[in-house]
Amino acid sequence: MGLIYLNNAATSYPKPEIVKKVYMDALDSLPSGQFRSAGIADNSDIFGTCRKRLASLMGIAEAERIYFTSGSTEGLNAIIAGLKLKADQVITTVTEHNSVLRPLYNLPGIKGEPALLPCDENGYVEPELFEKTASSGKYRAVILNHCSNVTGAIQDVKAFGEIAGKHGLIFILDASQSAGCLDIRADEWGVDALAFTGHKSIMGVQGTGGYYVRQGLSFTPLKYGGTGLDSSRVVYENEEYEYEVGTQNAPGIAALSSAVEWVLSQGIDKISDKERVLCEHLIKGLSSVNGVRVIGQEPVSRGPVVSFITEGFAPSDMAYILQNSYGIVTRAGLHCAPLIHKHIGSGDKGTLRVSFSYFNTEEDIEALLTVLREILA
């Protein structure tokens, strides 16, 4: 049995051939820094091209308001800090990743605690709960995880956006798990700010990603430094800030641009349909394996993630056995989302997680099921 990779919610693998080629070509070319030099003539606007493709992928009209970072962790920190949000001004959910929770509890100047909306056993958060909390008038913003990296549950973003707009709240969407594999309509849904990463379903390389903040929000940078535009300016006035400083990851952004183009060429519907079929195949197969309990077994709407628990084995032990004895790569633990587990009944050791990409097959699933039956027999 060759390597079977089922940990795409962490980092997708393998990458499309075009992504690898563009990345290597960028490394072999003269360096091209944003605004700093012309670089290669046909590669001088990789940043602008990538922004336009990302805008098309995520339903954003203001492509110029997309800013590149090392990933969605930096993006979420930039959004929370840049909007000067205090924790007690924020509504969020127990499904959130630590990239949301830790900034809310630890950034300088943070005070109090956010309002935490609970989820059901499948990982869903009812919009009605948000409506009730938002109607108090005490909050400035809501942060929502589009797709859970633990259960795969897809939240009703449109409903959240409508409620946020009704109550005048800034609506921040964490699209880390959804960008590249699920339909995103940021403008249509009333999203004010959004963070995404390049190395998951978008199929780019690690260390790439970014965030979007709509025009009109008062927003300060997380970092200050060189931009190559106007080096004579030391003090920013009238909030004419610049949000991308230092030497940008040009090879990574070139690869990200080609990855987004590849995703768009395949079609989000085609990608999500294939991954949904894989999830359904796995859940059906797990139902016939003694000693397995699927977490969030009946979500109405699911991204390419399935979590389960195996009787008699801690998730970390099972993941170790699968990888080191059978060459099947999964992920075990709390998945950097510590608050969801008491709501979905997975306990303090978390779950064993399988997550798909477009390149996985039903043969991969059958191999996993065969091994689980063997181990648990």
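Let's start with salt bridges: this structure holds 13 of them. A salt bridge here is a side-chain nitrogen of Lys or Arg within 4 Å of a carboxyl oxygen of Asp or Glu. Side chains of opposite charge can pair when their charged atoms come close. Keep in mind that you're looking at a predicted model, where local features need pLDDT of at least 70, side-chain atom pairs count only at pLDDT 80 or more, and totals for chains, interfaces and linings use all residues. Residues are numbered from 1 along each chain as its sequence is written, and side-chain values use heavy atoms, with hydrogens and water left out.

Take Arg 53 and Glu 261, whose closest N and O atoms are 3.4 Å apart in a salt bridge. Arg 53 sits in helix H2 (residues 46-58) and Glu 261 in helix H7, so this pair links distant parts of the chain, 208 residues apart. Helices (H or I, at least four residues) and strands (E, at least two) are DSSP runs, numbered from the N terminus. The cut-offs are under 20% relative accessible area for buried, over 50% for exposed, and partly exposed in between (1.4 Å probe, protein chains only).

Next, Asp 192 and Arg 214 meet in a salt bridge with 2.5 Å from N to O. Asp 192 is in the loop between S6 and strand S7 (193-197), while Arg 214 is in the loop between strand S8 (209-213) and H7, so the pair ties together parts 22 residues apart in sequence. Asp 192 is buried, with a relative accessible area of 10%, but Arg 214 is partly exposed at 29%.

Inside helix H8 (residues 268-286), Glu 280 and Arg 276 are four residues apart, which means about one helical turn separates them. Their closest N and O atoms are 3.3 Å apart, in another salt bridge. An α-helix has 3.6 residues a turn, so residues three or four places apart point the same way.

Now for the inside. The largest nonpolar core has 65 residues, and Leu 54, Phe 130 and Leu 194 are among those with the most contacts inside it. Such a core is a set of buried Ala, Val, Leu, Ile, Met, Phe, Trp, Tyr and Cys residues joined through side-chain atoms within 4.5 Å. Which helix gives the largest share of this core? That's H7 (residues 250-266), with nine residues. Leaving aside neighbours within four places in sequence, Leu 194 is in contact (heavy atoms within 4.5 Å) with residues including Met 58, Ile 79, Leu 173 and Tyr 211. Apart from this core lies another, of 27 residues, among them Cys 279 and Phe 356.

Helix H4 (residues 98-106) has buried residues too, including Asn 98, Leu 101 and Pro 103. Helix H3 (72-82) and strand S5 (141-145) are among the elements covering them.

What about disulfides? A search of the whole structure finds zero, a disulfide being a pair of cysteine sulfur atoms within 2.5 Å. Cys 119 is in no disulfide either, with the nearest cysteine sulfur, that of Cys 147, 13 Å away. Cys 119 is buried as well, with a relative accessible area of 10%.
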